Amino acid sequence: MTDLLEYPWLEATWQTLLRSDDTHHCLLLSGRAGIGKTALAVELAQHLLCEDPSGQSSCQCCPSCHLVSSSLHPDLHVLIPQALVEHSHPILQVHAQRYLESHQSTQKRKPSRQISVDSTRMLSESLLTTVVTSGRKVALIIGADGMNHNAANAMLKVLEEPTPGTRFILVSSYPYRLPATIHSRCIRLDSPTPSQESAARWIESRHDIDPDELGLLLRSGLGPLELDQIIGDKSAASICQLIRYFTASDTKAADSLSLAALCAKIGAGRALSILQSVALAVIRESVEGHSRSKSVSDGVFGNRKLAIAAFRQLGLARERFNGPVDEQLSLEDICSRLCAPRL
Ligand SMILES: [Zn+2]
């Protein structure tokens, strides 16, 4: 392992991957966002392409390893939604350009979170061409749930009848969104979420952070890699403010427009995900019959009934945000529902 040494919670999944090597041509790697699934997939891809892999890792010095690390390997095919490229693994950012539609980078519009049918067609056609270097081809599809029905259909033939030596690694935080036709052709491996203690130790080893702030961030439901990026970007304060608002016992009357503005500052998708995690924590605590963090149950989601209603509303809102909506109006709508006395 190379990058993965930084993420101790992935060790068990990596060992499982090594043991299951070559048993199936299509792997679906799932698990919560922000825990390092992409790093795991890149490591596996490099291991598969390496000309002299040891038992545990790629050699890092053969021509194939050099081509991967310099983002030039012709047999590493990477498909990733435009919106995920910027914060993706450095090796992937250049490899991904091969299948990104050129107009996406020239027009001033919001980067897509979907994988287009044209991109999947380009990938399928490339995979049918001759192996160039290593005798093996690896197709990495990051954010695979971004494939809509048509894009998935364009992948089916090459998934069903891959050319010899072709391996697919699909990575998804939301595997239930994948069409059944894709799901049924994959072996799925779930990477476990690190415990809060493990995530806290890892973040504390990388940042000088106030314990109270870290405690709030860990309630967000975001993975440690995502939190690491947020702390590094100095954007943790807004998230702490959001969580504090919904968990503090002395919350004042809700102001839905201020809340919508705060969510917009954080990013609608991320903010709604955080609020859903907070609501879920209240539901879990009420079901388990105890409150590990009393302040959560004292907040705006003050009881199980309100929390369940909020959880549903937030889930529906998150799904709507996957389609073409007016983000600001949609945020104001969900925030006004959350701030109403009865949901
Ligand atoms: Zn190598």
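Does Gln60 count as buried, exposed or partly exposed? With 15 C-beta neighbours inside 10 Å, Gln60 counts as partly exposed, the classes being buried for 20 or more other C-beta atoms within 10 Å of a residue's own, exposed for 12 or fewer, and partly exposed in between, with C-beta atoms placed from the backbone. This is a predicted model, in which local features need pLDDT of at least 70 and side-chain atom pairs count only at pLDDT 80 or more, while totals for chains, interfaces and linings use all residues. Residues are numbered from 1 along each chain as its sequence is written.

Gln60 lies in the loop between α2 (37–49) and α3 (63–69), where helices (H or I, at least four residues) and strands (E, at least two) are DSSP runs numbered from the N terminus. Although Gln60 is not a glycine, its phi is positive, at about 70°.

Lys234, likewise not a glycine, has a positive phi of about 60° and sits in the loop between α12 (224–232) and α13 (236–247). Lys234 is exposed, with 7 other C-beta atoms within 10 Å.

The helix α13 leads on to a helix pair: its axis and that of α15 (residues 268–288) come within 11 Å and cross at roughly 35°, axes being lines fitted to C-alpha atoms, for helices over the stretch in contact, and angles running from 0 to 180 degrees between N-to-C directions. On the α13 side the contact is made by Ile239, Leu242, Ile243, Phe246 and Thr247, and on the α15 side by Ala271, Ile274, Leu275 and Val278, contact requiring C-beta atoms, placed from the backbone, within 7 Å.

Key. Two residues are in contact if their C-beta atoms, placed from the backbone, lie within 7 Å.
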